[in-house]
Amino acid sequence: MGNKQTISSKQLLSLMILFEFGTAIVVHIGLESNHATWLSILIALPGALLLYGLYRYLYRQYPDLIVSGYIRKIVGPYLSWPLNLSILAYFIYNASRNLREAGDLLIASVYDETPLFIINTTMALVMIYVLSKGVEVLFRLAQVYILVILFLGITGLLAVSFSGEMEFSNLFPINGGDWRNVIQTAYPSILLFPFSELFAFSTIFPLLNNSKEAGRTGTAAILFSGLVLSLTQGVQLLVLGNSIYVRSTFSLLTTISVINVADFLQRLDAIVMLLLIICVFFKMSLYCYAVMAIWGDLFRIPNTNKLAAPVGIVILFMSIFSAWSFPEHTDEGQRSSMVMLFLVTVAIPLFLLLVHFARKTFRRLREVS
């Protein structure tokens with residue numbers, strides 16, 4: 001892993017919040033529940049805390065190892081290779097999806113004449129530069145930009161509040177009275193995206209200067225990000241109404257575009273652009289680092305910082321060629337991506353937990369006999 005790097009609990013909290021926001025702060029999540037998405041997010045929070053507890057438990061059993069390391073300890077060297085390669089491939093794929101969504105939104109909003117490759121390359125080069133300097137740099141940046149995100153969010157919320165565009169009647173009835181859709185959207189859709197993606201932080205936990213803070217910090221990040229995402233979706237529904245809210249691809253951008261405060265404060269699209277660029281940058285950078293860490297562990301590479309460029313280039317080209325259009329990209333995410341997300345972030349950790357318990361049980365029985 002090269003020179004030992006350490007991060008603080010405050011830095012971890014900042015990056016976790018930015019990571020959870022990612023593209024979820026801008027794109028419409030949990031579409032199955034229509035205009036009750038805000039409620040589905042709140043219902044998904046207990047499951048998210050339980051799932052994060054699973055990740056935390058596995059780390060506590062092997063506090064000096066990243067996920068690829070304790071997989072090797074739990075299931076042995078032969079079975080660990082396909083599991084680790086599956087996680088590696090999915091992290092690369094998910095980073096490329098985040099980069100693609102950011103590029104498509106920027107093109108759809110303000111850079112309609114700019115090629116997608118140019119936009120994505122610019123973001124990828126910045127990511128490569130930061131990670132080549134060490135993951136500590138990324139976490140220090142997160143501490144600064146979380147304040148920027150909070151400022152932009154509060155500014156946008158105040159602008160929407162004073163615009164007079166909110167209609168509280170748009171919140172009701174909740175999903176036409178069908179609570180099954182609300183719960184089915186929370187589990188598994190919103191539980192998987194964005195909450196189960198915190199599995200990527202299994203490559204970060206050994207870097208904490210106080211490992212005991214991982215549980216409390218992660219819990220705070222999940223609760224705060226969940227409440228903010230729920231508030232964001234609720235405000236969009238209040239402004240747009242159910243019909244436009246459900247049909248809008250980038251509902252937050254549509255919401256901001258209708259703001260008009262005293263014919264003076266208008267066209268605050270830049271807030272959404274900054275939110276997206278900042279949050280996606282940190283999310284795909286964390287995924288990129290996770291790939292670098294696992295790759296370095298599997299192939300015994302002492303200085304993983306050198307892997308930033310090759311991993312970043314792979315993510316860049318996957319973001320371009322993974323889909324020919326944004327509708328195809330979205331459809332792919334609703335089908336195959338969610339299945340992959342479940343297998344990597346839920347099925348594999350549960351499998352590891354069962355094997356770990358089985359090994360502990362056999363070991364105790366052997367000691368007794």
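These are my notebook entries on a predicted protein model.

**Entry 1: the whole chain**
I began with the secondary structure, and the protein comes to 12 helices and 2 strands. Reading along the sequence, I noted the pattern α-α-α-α-α-α-α-α-α-β-β-α-α-α. The radius of gyration is 21 Å, close to the 21 Å that the globule rule gives for 369 residues, so the protein is as compact as a globular protein of that length. I also looked up the span of the C-alpha trace along its principal axes, which is about 75 × 45 × 40 Å.

How much of the protein is buried? I found that buried residues make up 56% of the 369 residues. For the accessible surface I wrote down about 16400 Å², with 66% of that belonging to carbon and sulfur atoms. Then I turned to contacts between residues at least 6 apart in sequence: 83% of them join residues at least 24 apart.

**Entry 2: helix α7**
Next I picked α7, which covers residues 179-192. Its 14 residues reach 19 Å from first C-alpha to last, close to the 20 Å expected. Where does α7 kink? I found a kink of about 40 degrees at Ala-186, shortly before the proline Pro-188. Ala-186 is also one of the buried residues of α7, which include Val-182 and Leu-192.

**Entry 3: Gln-11**
My last stop was Gln-11, in helix α1. Is Gln-11 buried or exposed? It counts as buried because its relative accessibility is 11%, and the cut-off for buried is under 20%. A polar atom of its side chain lies 3.0 Å from the backbone nitrogen of Ser-8. Beyond its neighbours within four places in sequence, Gln-11 is in contact with Thr-6, Phe-139, Arg-140 and Gln-143.

Conventions. Residues are numbered from 1 along each chain as its sequence is written. This is a predicted model: local features need pLDDT of at least 70, side-chain atom pairs count only at pLDDT 80 or more; totals for chains, interfaces and linings use all residues. Side-chain values use heavy atoms; hydrogens and water are left out. Helices (H or I, at least four residues) and strands (E, at least two) are DSSP runs, numbered from the N terminus. The expected span of a helix is 1.5 Å times one less than its number of residues. The bend at a residue is the angle between axes fitted to the seven residues ending there and the seven starting there. Buried means under 20% relative accessible area, exposed over 50%, partly exposed in between (1.4 Å probe, protein chains only). A polar contact is a pair of N or O atoms within 3.5 Å; within protein, one must be able to donate a hydrogen and the other to accept it, and residues adjacent in sequence count only if both atoms are side-chain atoms. Contact means heavy atoms within 4.5 Å. The radius of gyration is taken over C-alpha atoms; the globule rule is 2.2 Å times the number of residues to the power 0.38. Accessible areas come from the Shrake-Rupley method with a 1.4 Å probe; for residues, only the protein chains shown count as cover.
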